[in-house]
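I opened the model and jotted down what I looked up, one topic at a time.

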Number of protein chains: 2
Amino acid sequence: MDIPAYMRSLGLAARNASNVIATSPSEIKNHALTCIAEQLDGARRALLAANQADLKQAHKRALDSALIERLKLDDTGIDNMLEGLYQVIALDDPIGTITDIGRRPSGIRLSKMRVPLGVVGIIYESRPNVTIDAASLCLKSGNACILRGGSESIHSNQAIASGIQRGLEIAGLPSATVQMIDTPDRAAVGELITLTEFVDVIIPRGGKGLIARVSAEARVPVIKHLDGNCHIYIDDQADTEMAIALAINAKTHRYGVCNAMESLLIADGLANQLLPKLGAALLARDVQLRGCEKTCAIIDSARAANESDWSEEYLGPILSIKVVDDLNAAIAHINHYGSRHTDAIVTDNPQRAQRFIDGVDSSSVMVNASTRFADGFEYGLGAEVGISTDKIHARGPVGLEGLTCQKWVVRGDGQIRE
Amino acid sequence: MDIPAYMRSLGLAARNASNVIATSPSEIKNHALTCIAEQLDGARRALLAANQADLKQAHKRALDSALIERLKLDDTGIDNMLEGLYQVIALDDPIGTITDIGRRPSGIRLSKMRVPLGVVGIIYESRPNVTIDAASLCLKSGNACILRGGSESIHSNQAIASGIQRGLEIAGLPSATVQMIDTPDRAAVGELITLTEFVDVIIPRGGKGLIARVSAEARVPVIKHLDGNCHIYIDDQADTEMAIALAINAKTHRYGVCNAMESLLIADGLANQLLPKLGAALLARDVQLRGCEKTCAIIDSARAANESDWSEEYLGPILSIKVVDDLNAAIAHINHYGSRHTDAIVTDNPQRAQRFIDGVDSSSVMVNASTRFADGFEYGLGAEVGISTDKIHARGPVGLEGLTCQKWVVRGDGQIRE
């Protein structure tokens with residue numbers, strides 16, 4: 001297979017499709033999403049069979065159990081995919097929205113119009129539901145997309161993509177609006193991320209290795225999600241019951257997710273009172289604790305944290321704990337060691353809450369809420385195509401609006417520049 | 001000089017300064033801008049002397065006259081710099097603006113807060129006034145910046161930067177809020193664009209060689225301005241007098257600018273009537289014409305255009321002209337050969353105007369106005385730190401808002417995720 005030629009053909013087809021989908025009215029796009037839902041619903045057997053083929057391969061290759069769990073698709077999983085599609089249908093279409101209307105001293109009338117990005121390349125691993133989330137958000141926002149799923153879910157992804165393309169055709173839209181790269185050859189990724197002529201943005205979702213490779217080699221702009229080293233800081237004016245409930249939820253609700261708490265900070269004034277109880281609750285849930293000196297003096301079973309622990313995204317039942325002097329020390333620690341993803345304060349003091357909000361440089365800053373809420377569904381975006389830890393374009397969960405940009409529209413009556 | 005160590009020290013100082021400036025209130029930032037204006041006003045002699053040193057070098061190195069023209073700074077130039085500062089002071093401060101406030105079904109209260117990007121690296125060539133435009137916009141939007149001007153204007157830039165830093169100190173802000181790289185060593189650029197730890201975005205302004213190098217080597221996200229191959233399409237329902245005036249202005253008002261018209265498209269139905277008059281007017285201004293077959297048949301002195309002419313940014317008194325069948329052909333030509341910068345239609349037909357606006361994929365689309373209006377000052381942004389031809393983050397002129405992003409703010413009462 002000539003990978004460069006293959007990828008250029010996908011790129012050209014995507015660009016042509018994007019010219020159609022970019023100016024398609026909402027009704028057509030929503031109709032296509034409905035057709036896609038119907039196609040997938042009618043193809044349940046084929047989807048489950050394709051997923052079984054992937055699972056069989058995964059067991060054969062002895063992939064780790066967490067990965068196999070993410071890969072698995074059952075009838076409930078298909079129901080969730082369909083529900084996701086109907087949620088995207090229900091979202092407002094951002095395309096064509098006009099804002100910032102005004103007249104300039106020259107007489108020109110200026111406004112901004114929201115438009116699609118064009119062609120979006122999405123590279124992801126494992127979970128087949130990403131295929132439908134990514135495709136539906138791109139379609140609704142008027143973008144064509146080229147998808148590259150993980151090799152371990154290739155059969156599931158191809159089955160889903162076939163259903164999507166049938167749905168697009170029935171709705172009268174180009175099937176190349178959503179394309180799935182159908183070779184596991186890694187060279188295809190190298191081509192995709194350098195196809196500046198045909199691809200407008202790359203969104204990688206996956207492990208650090210993937211993100212590092214894409215960041216290093218891409219020539220197309222990248223919206224990336226590096227890691228989620230999320231903190232909760234418990235202020236000495238916190239409701240202690242609430243603080244414990246939030247910490248337990250943020251750490252143990254799910255371990256392998258980017259918005260799980262990885263590091264807990266606690267004000268010195270409250271440490272002696274709160275840490276024994278919190279430590280016991282975490283240990284009862286088999287969470288391993290790695291603490292600073294003061295923490296280890298309070299919680300017997302905590303082992304000493306290394307410097308590297310403060311930067312670590314464990315994605316598992318491990319938590320680092322540090323006793324800090326005050327709010328300023330907490331903010332400084334988070335800005336130094338954090339990953340700018342999501343960080344929360346537990347406090348009853350509104351001034352301190354505001355100082356935390358202003359001072360912490362993260363995509364989501366929270367007061368008295370679990371970091372687990374940093375999520376497209378929870379934020380009402382309908383779904384998310386990724387969570388950006390970059391600061392340009394979109395920060396945090398990337399939904400429909402993150403897949404758009406604005407162009408300037410100038411209307412005049414023959415104005416020339418003097 | 002140990003360039004990597006030097007650049008890391010600038011980066012660290014910028015990051016520390018950005019933590020101060022990010023949360024400084026508008027009054028402090030405006031006061032600093034006033035102090036900077038006063039310092040520059042009081043240092044006119046030093047600025048002019050520094051500029052003379054650059055000009056002397058430039059003549060010695062026999063740099064081309066257009067470059068020397070851009071390099072030149074006189075008292076009027078300094079007045080313009082000061083006026084630019086006062087314009088930035090008068091702009092609304094975007095930082096801290098709260099939008100999209102709402103409550104989610106979970107009970108969390110969600111909003112978005114506009115915040116600075118952090119540390120901005122700006123790489124530019126020649127014109128010393130970019131130093132003050134870039135520094136003032138970064139400061140007002142709460143960003144620290146690291147500036148790298150062209151080697152040919154190093155004395156002027158250092159003199160301006162000294163004035164800026166004195167102004168910052170008088171206002172009680174860290175002088176490292178604005179830093180100028182003070183070595184001409186090109187390795188410094190290579191370090192700056194890979195300093196992911198300390199730099200949040202790179203904005204290169206300059207020739208294609210610079211942009212290509214930065215795009216290829218950067219690990220920090222880049223907001224780039226590639227080229228400006230701007231079009232005017234004259235529809236067959238256009239006011240012919242207006243069409244000629246707009247074409248003359250867009251082509252001849254200034255040649256070396258990115259928003260000058262480089263290619264003219266005209267509807268077949270109007271070509272025989274309009275092209276002789278327009279051709280004569282352009283030839284009278286010594287503009288060389290390169291036309292399609294039909295154009296050359298109408299205008300004797302037009303030479304035949306090559307395929308490459310349709311993509312060319314001449315930045316000089318040359319214009320390519322093509323007769324097209326209709327609006328659709330014009331839109332297809334612009335999307336294929338254009339650079340997504342600025343394109344205009346001249347028409348009296350509002351439906352066609354709207355189809356042009358919807359169909360042309362450029363950062364600015366215009367109706368009955370000169371492409372020369374695509375400019376931060378003309379759009380009311382106060383100044384511009386660059387014009388983006390990328391589609392992510394900011395499109396077109398990048399002013400204060402382009403130097404910001406939004407973070408999510410979540411307020412709860414102890415909500416956990418079930």
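First, a convention: helices (H or I, at least four residues) and strands (E, at least two) are DSSP runs, numbered from the N terminus. I am working with a predicted model, where local features need pLDDT of at least 70, side-chain atom pairs count only at pLDDT 80 or more, and totals for chains, interfaces and linings use all residues. Residues are numbered from 1 along each chain as its sequence is written, while chains are lettered from A and ligands numbered from 1 in the order in which they are written.

**Entry: Leu246(A)**

I started in helix α10 of chain A (residues 240-252), where Leu246(A) lies. Is Leu246(A) buried or exposed? Leu246(A) counts as buried because it has 27 C-beta neighbours inside 10 Å. (Buried takes 20 or more other C-beta atoms within 10 Å of the residue's own, exposed 12 or fewer, partly exposed lies in between, and C-beta atoms are placed from the backbone.)

Next I asked what Leu246(A) is in contact with, leaving aside neighbours within four places in sequence. I found Ile232(A), Val346(A) and Ser370(A), plus Gly414(B) and Ile416(B) from chain B. Contact here means C-beta atoms, placed from the backbone, within 7 Å. For Ser370(A), the C-alpha to C-alpha distance to Leu246(A) is 5.3 Å, across 124 residues of sequence.

**Entry: the A/B contact**

I then turned to the chains, and 56 residues from chain A and 56 residues from chain B take part in the contact. On the side of chain B that touches chain A, the elements giving two or more residues are α9 (208-217), α10 (240-252), α14 (350-359), β13 (364-369) and β16 (404-415) of chain B. Of these, β16(B) gives the most, with 11 residues.

I also looked up strand pairing, which needs at least two DSSP bridges between two strands. Strand β16 of chain A (residues 404-415) runs parallel to β13(B), and five bridges join them. In β13(B), Val367(B) stands opposite Arg411(A).

**Entry: helix α7(A)**

My last stop was α7 of chain A (residues 154-170), with 17 residues. Its first and last C-alpha are 24 Å apart, close to the expected 24 Å, taken as 1.5 Å times one less than the number of residues. Because 12 of its 17 residues are buried, α7(A) is largely enclosed by the rest of the structure. Among the buried ones I noted Ile154(A), His155(A), Gly163(A) and Leu168(A). The buried residues of α7(A) pack against α2 (26-42), α3 (44-60), α6 (129-140), β4 (144-148) and β5 (178-180) of chain A. Just after α7(A), I noted that Gly172(A) takes a positive phi of about 80 degrees.

Key. Two residues are in contact if their C-beta atoms, placed from the backbone, lie within 7 Å.
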